[in-house]
Amino acid sequence: MNAPIKIRSYTILTNLTCNLRCTYCYENKCSKVNNLEDIQDYIKGLYKQDFENNKENQEEMQIYLDIIGGESLLHPELIDGACQTALEMDEKYNIKKPFILNMTTNAVLLLEPEVQETLLKWVKHLHLGIS
């Protein structure tokens, strides 16, 4: 019998900007954007904290990268960098179950070439919600 999967969820804030101005939205919009180096350091730190000294049962572990923001698809390069870092950390710590990229979008930017390229690159990891 297989052991249950143990999930670790890492929340990544890409930005506080949105491309829409919905009247019902409670978010305070501003032009703040996270930088890639900080996102990568954060992910590496979380993996280190969870796996450096805890070698047991790593085959049962799975990472969920929860990408949040205003509209995260405004910065596909940050999504790509976060995913690349998670992939490298999965390999470093011998995590067998591939990470999951979990994000919600308003879908306005889905047809943009850079967005499509990023999402197609990570499609095997992607769980996408549209709101």
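This text goes through a predicted model of one protein chain, from its overall layout to two single residues. Residues are numbered from 1 along the chain as its sequence is written, and side-chain values use heavy atoms, with hydrogens and water left out. Because the model is predicted, local features need pLDDT of at least 70 and side-chain atom pairs count only at pLDDT 80 or more, while totals for chains, interfaces and linings use all residues.

The chain has three helices and four strands. Both kinds of element are DSSP runs numbered from the N terminus: helices are H or I runs of at least four residues, and strands are E runs of at least two. Read from the N terminus, the order is β-α-β-α-β-α-β.

Next comes the overall form. The C-alpha atoms fill a box of roughly 50 × 25 × 25 Å along the principal axes.

How much of the chain is buried? Of the 131 residues, 37% count as buried. Buried means under 20% relative accessible area, exposed means over 50%, and partly exposed lies in between (1.4 Å probe, protein chains only).

The largest nonpolar core has 28 residues. Such a core is a set of buried Ala, Val, Leu, Ile, Met, Phe, Trp, Tyr and Cys residues joined through side-chain atoms within 4.5 Å. Elements that give two or more residues to this core are β1 (6-13), α1 (36-51), β2 (61-68), α2 (76-92), β3 (100-105) and α3 (113-121). Of these, α2 gives the most, with six residues. Tyr47 is among the residues with the most contacts inside the core, as are Phe51 and Phe99. Leaving aside neighbours within four places in sequence, Tyr47 is in contact (heavy atoms within 4.5 Å) with residues including Tyr10, Ile63, Ala86 and Phe99.

Two residues stand out by their backbone angles. Most residues other than glycine have a negative phi. Asparagine 94, in the loop between α2 and β3, has a positive phi near 60°. Alanine 107, in the loop between β3 and α3, has a positive phi near 75°. Asparagine 94 counts as partly exposed because its relative accessibility is 41%, and alanine 107 counts as partly exposed at 24%.
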